[in-house]
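Morning, everyone. Please have a look at the fold on the screen, and then I'll walk you through a few parts.

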Amino acid sequence: MRSSHPRSAAVSALIATALATGLLAGTADAAEGSASAEPIRIHDIQGTTRISPLNGKQVADVAGIVTGVRTYGSRGFWMQDPDADDNDATSEGVFVFTNSVPTVAVGDAVKVSGLVGEYVPGGVSSGNQSVTQISKPAVTVVSSGNALPEATAINEYNVPAEYAPAGDPAAAGSINGLTLDPSRYALDFYESLEGMNVKIGTSRVVGATDPYSELWVTVKGWENTAKRGGTLYGSYESQNTGRLQIQQLAPIAQQPFPVANVGDKLTGTTEGPLDFNQFGGYTLVARTLGTVKAGTLAPEKTKAQAANELAVATYNVENLDPSDPQEKFDNLAKAVVANLASPDILALEEIQDDNGAKKDETVSAEETIKKFTAAIVAAGGPAYQWRTVNPENNKDGGEPGGNIRQVFLFNPARVSFTDRAAGDSVTPTVVTQVDGKAALTHSPGRIDPANPAWADSRKPLAGEFVFKGKTVFVIANHFGSKGGDEGLTSVHQPPVRSSEAKRLLQAQAVNGFVKQLLAADKNASVLAVGDINDFEFSATAQALEDGGALYSAIKSLPKAERYSYVYQGNAQVLDQILTSPAIKNFTYDSVHINAEFSAQNSDHDPQVLRFRP
């Protein structure tokens with residue numbers, strides 16, 4: 001890798017010569033072997049593709065300067081050759097996996113012998129790229145206190161706009177065998193810096209500090225900017241090349257990691273080795289961490305519904321059960337009242353049973369719901385009533401033993417629920433007619449629970465409501481998760497999104513049910529709401545909308561406001577409210593109170609739709 005920020009010629013030449021000849025070791029035979037084969041250099045190990053040409057081979061006396069030491073997790077150190085070659089595709093840095101706490105220090109000149117390998121964080125089945133490393137090392141410290149190789153800047157000028165090359169069809173879509181083109185593709189650019197000392201300047205935070213002491217920034221402040229400071233993932237082709245994960249080398253016990261929200265700035269210089277990990281891909285592991293300058297972002301508050309408007313909301317409350325701290329119940333309840341303006345109907349996802357993740361036969365969530373609705377009253381909200389259908393034990397996915405399900409809360413002072421022979425976990429509700437109007441055989445009831453699409457997944461909960469004499473059908477959904485999908489930095493390009501197949505079947509089932517309602521009454525007011533676990537531009541959303549049966553109402557918002565979740569620095573849509581054609585005039589709000597903040601009551605933002613039936 002040709003350095004974009006070369007050191008002074010004198011210093012670089014001095015260190016390079018010393019490392020190559022052994023003079024830093026003070027040996028009497030410094031020039032011995034000058035006529036022998038050239039020593040293996042780090043760029044020889046890295047090569048011009050993602051896989052080392054020396055993979056699986058032993059190397060001896062590989063020289064470098066230690067640029068970072070990690071004493072926790074995957075223990076080891078990074079070293080870098082200060083004398084770069086003239087090939088931008090070859091990295092000059094490499095990770096040395098020691099397993100135990102390393103005995104070297106930053107600034108040490110070392111020689112390393114060991115086994116070259118390609119470590120895949122998360123395992124080969126994860127689809128992650130590999131990290132070129134030297135394992136089982138024998139390390140010789142030649143000298144200490146050396147200047148570090150100049151950090152290569154990562155900025156808006158040198159990160160390419162195109163994200164990744166197309167994978168090789170002959171290699172199952174893998175990019176492993178392709179020669180890196182760091183001036184054309186962002187993933188190739190980052191890979192060409194793997195293990196090297198890199199730096200960023202002041203950058204905007206696009207992913208808040210998480211419980212694992214990491215955050216995300218963008219080095220391209222103008223790239224797909226969301227209204228409140230994030231970076232918008234608005235299509236499969238807008239991966240946002242400027243995103244970069246930030247961690248720190250210092251153990252948290254020694255140096256607390258800064259707390260940052262979306263829109264804050266990580267100011268000054270952040271510098272350290274560029275790693276690749278299982279949870280986010282390329283990561284700057286900071287030896288020197290910038291300072292967080294707080295922004296002005298505050299949780300949103302939606303507008304209260306008018307007297308003649310029905311407000312329907314959806315909120316994933318993230319595995320709520322009675323063993324959670326009262327503070328979580330109180331904070332969620334305050335959000336319902338203060339931020340969501342006490343919606344008339346609130347569909348909840350991830351309500352767990354009465355003893356949470358305890359693995360027994362408990363399926364009732366009555367205590368969970370009672371505790372939550374009491375907290376809402378204590379926060380000044382209405383005395384919500386509720387309806388739900390208990391799942392079969394351990395048949396609906398989620399945290400084992402938790403038995404998550406959807407629940408309707410409704411304000412009886414504003415809206416009534418039409419009870420029709422409440423269904424059970426295995427009995428489907430179907431569309432019928434009552435007095436010439438569409439109706440459900442079971443309300444509340446589950447949609448097509450025996451359909452294989454819902455195996456190990458939450459079955460949709462359907463219910464009939466009446467607002468000012470008009471019937472409104474609400475379907476509460478929690479589609480299958482994205483578990484098993486490959487990340488954007490996958491070795492396969494485009495990444496394999498295996499979980500989509502199930503959600504597509506689920507969307508088709510819900511769409512078919514809505515079409516039955518519309519066949520019984522073309523003017524029926526139907527809302528399909530919940531955690532759809534997929535984007536507004538996805539095949540899942542298209543299947544829900546098929547035939548004009550539903551419309552993803554979040555698309556009524558300006559593009560810069562379409563998100564309900566932030567994942568690896570990408571603001572994106574997972575939660576949706578979809579409307580039938582009869583619901584023509586509505587106001588939609590994705591109420592940003594969680595996803596952009598380090599302090600969260602849930603990882604999802606609730607959605608609210610107001611309309612006049």
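This is a predicted model: local features need pLDDT of at least 70, side-chain atom pairs count only at pLDDT 80 or more; totals for chains, interfaces and linings use all residues.

In which sense do strand β3 and β5 pair, and over how many bridges? They pair in the parallel sense, over 3 bridges. β3 covers residues 93-97.

Strand β4, residues 109-119, meets β5, residues 131-143, in the antiparallel sense. That pairing runs over 10 bridges. V110 is bridged to V141. K111 is bridged to T140.

Step back to the whole arrangement. These strands belong to a closed barrel of 5 strands, in the order β1-β2-β3-β5-β4. The pairing is mixed. From one strand to the next, the twist averages 55 degrees.

Next, the nonpolar core. The largest one has 35 residues. Within this core, the residues with the most contacts are I154, Y190, I200, V217, L244 and I246. Several elements give two or more residues to it, among them β7 (197-200), β10 (243-248) and β12 (270-277). α3 gives the most, with 4 residues. Take I154. Beyond its neighbours within four places in sequence, I154 is in contact with residues including F189, Y190, I200, V219 and L244.

On to helix α6, residues 500-520. It has 21 residues. From its first C-alpha to its last it reaches 30 Å, close to the 30 Å expected at 1.5 Å a residue. Its buried residues include R503, Q506, N511, F513, V514, L517 and L518. What do the buried residues of α6 pack against? Strands first: β20 (431-434), β21 (437-440), β23 (461-467), β24 (470-478) and β25 (525-531). Then there is a helix, α7 (539-545).

That brings me to E545, which lies in helix α7. Is E545 buried or exposed? Its relative accessibility is 14%, so it counts as buried, the cut-off being under 20%. Where does its side chain go? It reaches the backbone nitrogen of S552 at 2.8 Å. Leaving aside neighbours within four places in sequence, E545 is in contact with N511, L550, Y551, S552, K555 and L578. Notice N511 in that list: N511 is one of the buried residues of α6.

That's my tour. Over to you.

Notes
Residues are numbered from 1 along each chain as its sequence is written. Side-chain values use heavy atoms; hydrogens and water are left out. The expected span of a helix is 1.5 Å times one less than its number of residues. Buried means under 20% relative accessible area, exposed over 50%, partly exposed in between (1.4 Å probe, protein chains only). Contact means heavy atoms within 4.5 Å. Two strands pair if DSSP finds at least two bridges between them. Axes are lines fitted to C-alpha atoms, for helices over the stretch in contact, and angles run from 0 to 180 degrees between N-to-C directions. A polar contact is a pair of N or O atoms within 3.5 Å; within protein, one must be able to donate a hydrogen and the other to accept it, and residues adjacent in sequence count only if both atoms are side-chain atoms. A nonpolar core is a set of buried Ala, Val, Leu, Ile, Met, Phe, Trp, Tyr and Cys residues joined through side-chain atoms within 4.5 Å.
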